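The following exercises concern a structure that is to be examined step by step. Please work through each task before reading its solution.

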Amino acid sequence: MKNLTFRFLLVLLVVQTLAHSQSKGMVFIEGSRYIPLYGRDSTVVEVKNFEMDIYPVTNLEYLNFLKENPKWQKSNILKLFSDKSYLANWNSNLELKPTENLNSPATYISWYAAKAYCECQGKRLPTVDEWEYAAMADETTRDARVKPSFNKKILAWYEAPHSNEDTIGLHPKNVWGVYDLHGLVWEWTLDFNSVLITGESRKDVDKDSNLFCGSASLNATDLMNYAAFMRYAIRGSLKAKYAMKNLGFRCVKPVKN
Amino acid sequence: MRPSNLLLSLTFLSTLLLTSCFKSKEQEYENTADIPVSREMIAELTSPPNVPTPVGRRKAKKLIVKMEILEKEGEMTDGVKYMYWTFGGTVPGSFIRTRVGDEVEFHLQNHPDNKLPHNIDMHAVTGPGGGAESSFVAPGHEKTFSFKTLNPGLYVYHCATAPVGMHIANGMYGLILVEPEGGLPPVDKEYYIMQGDFYTKGANGERGLQPFDMQKAVDEKADYVVFNGKVGALTGDNALTAKVGETVRLFVGNGGPGLVSSFHVIGEIFDRVHVEGGDLINENVQTTLIPAGGAAMMEFKVEVPGTFILVDHSIFRAFNKGALGMLKVEGEKNKTLYSGEIRDDIYLPEGPGIQNMPTTDEIIASEIPAKSFEEQMEFGKQAYMQTCFACHQGEGQGIPHAFPPLAKSDYLNADVDRAIGIVLHGKTGEITVNGETYNSVMTRQMLSSDEIANVLTYVYNSWGNSKKVVTKEMVDKVKNSK
């Protein structure tokens with residue numbers, strides 16, 4: 001009998017680990033319901049369990065992808081899928097410029113290319129909701145948005161130049177075990193253009209009465225609004241074929257519950 | 001048609017023909033939107049305090065403006081760095097000069113190194129967002145839109161990307177002038193000045209690269225209020241200049257984001273002010289109010305030589321936060337208009353005594369002590385320029401009969417402890433320096449022991465002095481001996 005219980009427990013344990021077995025280079029992020037700051041409708045959204053890349057995709061990883069998928073190389077990519085800046089920091093199809101670091105985040109990459117990269121790995125780009133959910137954690141809490149110091153740090157990064165030249169993993173990981181969501185580069189999201197920002201931010205405020213009320217009633221959260229505003233502004237300014245110096249990406253994978 | 005009516009219309013017709021004959025050269029348009037444009041022209045853009053050539057009598061044109069956005073580090077004041085976001089690489093941004101009826105084709109270029117998207121809202125634009133909606137541009141891209149200048153006046157432009165306040169607080173503003181048909185009346189000198197308030201993590205004067213402080217900005221507690229983006233942009237060698245008898249026109253804007261400017265030139269009266277940059281002209285004005293996101297044009301004839309100080313007359317901003325500029329006027333004195341000092345008598349109704357600055361008695365020690373002689377000299381120079389320069393002057397030469405020299409000073413070199421004591425506690429009464437007698441007041445200085453050591457080391461190792469090195473310990477010894 002004792003033996004049986006033990007076996008049963010063992011099986012349970014195996015099942016448990018299997019269910020949460022993590023893909024290489026990714027961490028598990030437990031989904032939840034939360035209110036994004038400035039989402040499609042600024043109401044509660046539900047994020048399901050998913051896994052997220054620990055680091056943004058690096059130049060080295062992207063180089064390997066290019067070797068296997070020549071059609072995404074600099075000289076082969078379709079004009080429809082990129083602009084002139086695509087891989088502007090590469091000398092040729094498979095050679096980075098000497099000033100660049102293989103361990104830096106891959107940038108100058110269009111949304112199409114980022115999406116294709118993730119799909120090749122059996123993953124996909126994170127949605128805005130998923131990205132914002134993972135990125136609201138600091139080193140100790142899952143939702144650090146109310147901490148002024150957290151938001152100040154993020155705002156300070158938005159002002160610091162040339163951070164895309166840094167290598168990955170220099171900042172402390174957050175409570176999920178994810179590095180560099182803040183402090184290195186902007187990151188592509190699957191539905192980056194679903195937030196309708198007209199470029200006239202004051203008008204956006206008027207248009208979205210939820211947001212307006214939200215920001216007016218939550219006085220203490222001015223700072224966190226500002227940090228998020230800037231992310232939504234950069235997303236709003238993008239088109240899928242843009243490739244930019246300060247814009248990289250990472251992938252996620254949904255987890256079956 | 002009845003005959004009388006016919007006669008009337010005939011008269012009317014002939015009058016019309018006659019007037020149109022007279023008007024053949026200068027046709028006037030009731031509606032500025034109807035002014036036709038001829039030919040293209042690349043707009044001349046200038047960085048402050050300069051302005052482009054006046055439009056004069058030129059016809060309305062298609063005017064091409066290319067403006068590049070740069071996020072770049074600059075110096076707020078000696079030793080204090082700041083990450084500015086700029087239109088055209090300067091704060092305020094490049095001056096744009098147009099005339100009414102121009103069709104402006106505006107190219108907004110966001111440099112690839114920049115981190116953020118930006119746009120431009122020009123108050124001279126009639127259209128949604130003042131162009132903001134059409135100019136929202138990601139780093140590494142260029143947006144083009146065009147507009148017709150319908151109303152003459154002096155207008156502010158600024159970035160309107162979320163968070164708007166932060167983009168403005170970091171320096172994203174400038175002026176665009178729309179001159180009336182035929183241009184503004186000619187003057188001898190024209191200058192471009194813009195006030196702005198800055199909010200830094202560290203207090204005023206704290207060294208190093210200072211990040212923007214959102215909370216202070218929300219509270220509107222500015223650490224710096226400056227003309228043209230930094231402390232001293234219009235003082236010393238950067239001062240504006242004019243000659244006696246010239247008429248000066250100032251284009252003054254206020255970028256904000258938070259504060260309203262009470263613009264005043266000490267020792268001058270504005271002959272004419274285009275109130276709020278519009279058509280209304282007020283005459284004989286001492287101080288004119290410039291709202292955040294607003295501008296004014298003022299003209300005055302300079303009658304006597306001297307240095308005229310430009311200030312925001314919310315006066316602590318001028319003397320403690322940087323809102324101070326200079327206009328140096330050269331030429332013949334006119335004793336009838338201004339005599340200069342006639343006599344200097346002693347007047348001491350309350351008895352002599354050392355004046356104290358209001359103080360909390362708490363001087364926060366500099367958080368970065370100097371590690372070497374070179375650093376002591378560097379930090380000392382910064383402290384000197386912030387604290388001592390106003391009286392003892394840039395080369396330690398002082399001002400004759402008022403402030404004793406520090407250069408080759410026998411009084412200074414004779415006794416280092418006495419010098420430390422004077423910086424710590426202030427000094428009043430008669431002293432003799434290099435054979436000259438001085439009788440004035442120096443207040444005690446709000447400097448930490450480290451800073452006093454640095455500034456005195458700088459003074460002792462400059463301008464032919466005895467090359468002593470003053471340490472914090474020496475300062476503390478004098479401090480504690482009292």
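**Exercise 1.** How many helices and strands does chain A have?

*Solution.* Chain A has eight helices and nine strands, where helices (H or I, at least four residues) and strands (E, at least two) are DSSP runs numbered from the N terminus. The model is a predicted one, in which local features need pLDDT of at least 70, side-chain atom pairs count only at pLDDT 80 or more, and totals for chains, interfaces and linings use all residues. Residues are numbered from 1 along each chain as its sequence is written, chains are lettered from A and ligands numbered from 1 in the order in which they are written, and side-chain values use heavy atoms, with hydrogens and water left out.

**Exercise 2.** Determine what share of the residues in chain A is buried, and describe the accessible surface of chain A.

*Solution.* Step 1: of the 257 residues in chain A, 51% are buried; buried means under 20% relative accessible area, exposed over 50%, and partly exposed in between (1.4 Å probe, protein chains only). Step 2: chain A has an accessible surface of about 12,700 Å², and carbon and sulfur atoms account for 58% of that. Such areas come from the Shrake-Rupley method with a 1.4 Å probe; for residues, only the protein chains shown count as cover.

**Exercise 3.** Give the strand order of the open sheet of six strands in chain B, and name its edge strands.

*Solution.* Step 1: the order is 12-10-14-19-16-17, with mixed pairing. Step 2: strand 12 (224-227) and strand 17 (281-285) are the edge strands, each pairing on one side only. Step 3: strand 10 (residues 189-198) and strand 12 run antiparallel, joined by four bridges. Step 4: B:Q195 lies opposite B:F227 of strand 12.

Key: Pairing = 2+ DSSP bridges.
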